[in-house]
Amino acid sequence: MGRRGAGGAPAAARRADVHALAYPHRPGMAEALNAWTLDFAARTPGCLPSATFFPEPAATRYVADALAAGARVFKVHVQVGGFAPTDPALDGVWGLLAEAGVPVVVHAGHAPVGTAHTGPASFAAMLARHPALTAVVAHLGAPDYADFLDLAERYRHVRLDTTMAFTSFFDRFVPFPPAELPRLRELGLAGKVLLGSDFPNIPYPYAEQLDGLARLDLGDDWLRTVCWDAAAALFDLA
């Protein structure tokens, strides 16, 4: 459990730029994690209050509690949690978040190891039930980049984050397809691609993530929007 940004500039450049995102791997963990992350944010300047959830009977209640306590972003990890986004226990949660307009960062892709619940199909089925949900797909949905780009184009409130994409670590086994760069550029300029980092739990220097984005040569406007403006708009940081 560490600090991870689904959008934001380096700490020296911006005041509110980091999320302490945690997620459970079994039932009965999420509420305690929420207490920790909300307290951490309260004690850490520049940290947005965050929370998480798991498909369990108490989920809708404690997500409502976290929203009332000021949570401004949620995180779930379908792969680590071992559950489907369409789990009936989460219907109330997705509905609450959609109604509140609070973003949820979802690790829904197959990378690094796919399961029966990861991938674009299950995530798309959940979005069909909750089309107003504000979701940020972690890792650009790797390795199914094209399918998740489709979802970001189809759903007004779906975004993608760049975590680990365009670094040597991901380029070795799930490289982004060059043919999709024009679509990535358009989505980025539309504010639908956000810088992500997974910092400090990464196997390379933080700057490599930024260097990888800059090497794409998609333009200063694209880079500025991805690295700051999109997140500033999403979280109303202006």
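## A look around the fold

Gly101 is partly exposed, with a relative accessible area of 42% (buried is under 20%, exposed over 50% and partly exposed in between, using a 1.4 Å probe and protein chains only). Before going on, a word on the source: this is a predicted model, where local features need pLDDT of at least 70 and side-chain atom pairs count only at pLDDT 80 or more, while totals for chains, interfaces and linings use all residues. Residues are numbered from 1 along each chain as its sequence is written, and side-chain values use heavy atoms, with hydrogens and water left out.

Back to Gly101: you'll find this glycine in the loop between helix H4 (91–100) and strand S6 (104–107). Helices (H or I, at least four residues) and strands (E, at least two) are DSSP runs, numbered from the N terminus. Gly101 and Leu133 sit 32 residues apart in sequence, yet their C-alpha atoms are 7.0 Å apart in space.

Leu184 is worth a click. Leaving aside residues up to four places away in sequence, Leu184 touches Leu140, Leu149, Phe166, Phe176, Val193, Leu216, Leu218 and Trp222, where contact means heavy atoms within 4.5 Å.

Leu184 also turns up where H8 meets H10, alongside Arg185, Gly188 and Leu189; the H10 side supplies Asp221, Trp222, Thr225 and Val226. H10 also packs against H9, through Leu210, Leu213 and Ala214 of H9 and Trp222, Leu223, Val226 and Cys227 of H10.

Here are the two pairings, with axes fitted to C-alpha atoms over the stretch in contact and angles running from 0 to 180 degrees between N-to-C directions:

| Pair | Axes come within | Crossing angle |
|---|---|---|
| H9 (residues 206–215) and H10 (residues 220–234) | 10 Å | roughly 150° |
| H8 (residues 181–189) and H10 | 8 Å | roughly 60° |

H8 is therefore oblique to H10, whereas H9 and H10 are roughly antiparallel to each other. Angles under 35 degrees count as roughly parallel, over 145 as roughly antiparallel, 65 to 115 as roughly perpendicular and the rest as oblique.

Finally, Asp161 lies in strand S8 (residues 158–161). Asp161 counts as buried because its relative accessibility is 0%.
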